[in-house]
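Please keep the sequence and the model in view while reading.

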Amino acid sequence: MIRRPVAWVVAVVLFAEAFGLAALNWFLGVVVDRQDMSLAGLDPHMMSVSSKVGGIVFGLYFALCGLVALLVALRDRPPAGLGRVLLISAAVVHGMLGAFTWGLVGWTAFLFMVLVLALIVLLLMTYDRPAGPADAAAPEGGRGGDGTPVSSPPAPTTP
């Protein structure tokens, strides 16, 4: 099946992205701190600290989304509750970042964001319908295994 490998790939990509985003924001914070220049009257130290904190927060967010994908891969069950919400929000974030990176960074960053978005959506869609006894009892077309129509039991009558 394709579900588990997709979940593994999504987990690895989100963990790598979490580390890369946190490291990039930390580096930018160090650059701003060493530059010792003001941008429109803002305190350079405050800009440095906020860049580092923002990188840590977004890194932890993507790491948590990667943890959800890792649990999906290990358990081979669909994400539920908060995990599903986290993956959907990560897909939305990647869609928005993809739209922004097209104009600001270039088409290669856009393609990376769209690829991650597609992987997250594929992960969510492959686990969309649970295959269980309810699906086996009522196959497509409304017919049983022997070709006879599947119907509900008769309604009880009162004496």
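Asp76 and Arg3 form a salt bridge, with their closest N and O atoms 3.9 Å apart. The term denotes a side-chain nitrogen of Lys or Arg within 4 Å of a carboxyl oxygen of Asp or Glu. Because Asp76 lies in the loop between α2 and α3 while Arg3 belongs to helix α1, the pair ties together parts that are 73 residues apart in sequence. The structure holds one salt bridge.

Both partners are partly exposed: Asp76 has a relative accessible area of 28%, and Arg3 has one of 23%. Here buried means under 20% relative accessible area, exposed means over 50%, and partly exposed lies in between, with a 1.4 Å probe and protein chains only.

## Basis of the model

The model is predicted, so local features need pLDDT of at least 70 and side-chain atom pairs count only at pLDDT 80 or more, whereas totals for chains, interfaces and linings use all residues. Residues are numbered from 1 along each chain as its sequence is written, and side-chain values use heavy atoms, with hydrogens and water left out.

## Overall architecture

The protein chain has five helices and zero strands, and its elements run α-α-α-α-α from the N terminus on. Helices (H or I, at least four residues) and strands (E, at least two) are DSSP runs, numbered from the N terminus. Of the 159 residues of the protein chain, 26% count as buried. Among contacts between residues at least 6 apart in sequence, 67% join residues at least 24 apart; contact means heavy atoms within 4.5 Å.

The accessible surface of the protein chain comes to about 10,700 Å², and 73% of this surface belongs to carbon and sulfur atoms. Accessible areas come from the Shrake-Rupley method with a 1.4 Å probe, and for residues only the protein chains shown count as cover.

## Helices α1 and α2

α1 (3–35) has 33 residues, which should span 48 Å at 1.5 Å a residue; its end C-alpha atoms are 47 Å apart, which agrees. The expected span of a helix is 1.5 Å times one less than its number of residues. Among the buried residues of α1 are Val6, Val10, Leu14, Glu17 and Asn25. The buried residues of α1 pack against α2, α3 and α4 (107–126).

For α2 (44–75), the 32 residues should span 46 Å, and the end C-alpha atoms are 46 Å apart, which agrees. Lys52 is placed in helix α2. This lysine is buried yet has no salt bridge, and the nearest side chain of opposite charge, Asp33, is 4.9 Å away. For charge, Lys and Arg count as positive and Asp and Glu as negative, while His and the chain ends are not counted. Not counting residues up to four places away in sequence, Lys52 touches Asn25, Trp26, Gly29 and Val30.

Most residues other than glycine have a negative phi. Asp36, which follows α1, has a positive phi near 55°. Asp76, which follows α2, likewise has a positive phi of about 55° although it is not a glycine.

Ala80 is also found in the loop between α2 and α3 (82–104). Ala80 is exposed, with a relative accessible area of 60%. Ala80 and Val68 are twelve residues apart in sequence and 9.6 Å apart in space, C-alpha to C-alpha.

## A nonpolar patch on the surface

Trp8, Phe15, Leu64, Leu67, Leu71 and Leu74 form a nonpolar patch on the surface, with about 510 Å² of accessible area together. Patches are made of residues with over 30% relative accessible area and no salt bridge; like charges are joined within 9 Å, and nonpolar side chains (Val, Leu, Ile, Met, Phe, Trp, Tyr) within 5 Å.

α1 and α2 each supply at least two residues of this patch, and α2 gives the most, with four residues. Leu67 is placed in helix α2 and is partly exposed, with a relative accessible area of 38%.

## Helix α4

α4 has 20 residues and reaches 28 Å from its first C-alpha to its last, close to the 28 Å expected at 1.5 Å a residue. Its buried residues include Ala109, Met113, Val116, Ile120 and Leu124. What covers the buried residues of α4 includes α1, α2 and α3.
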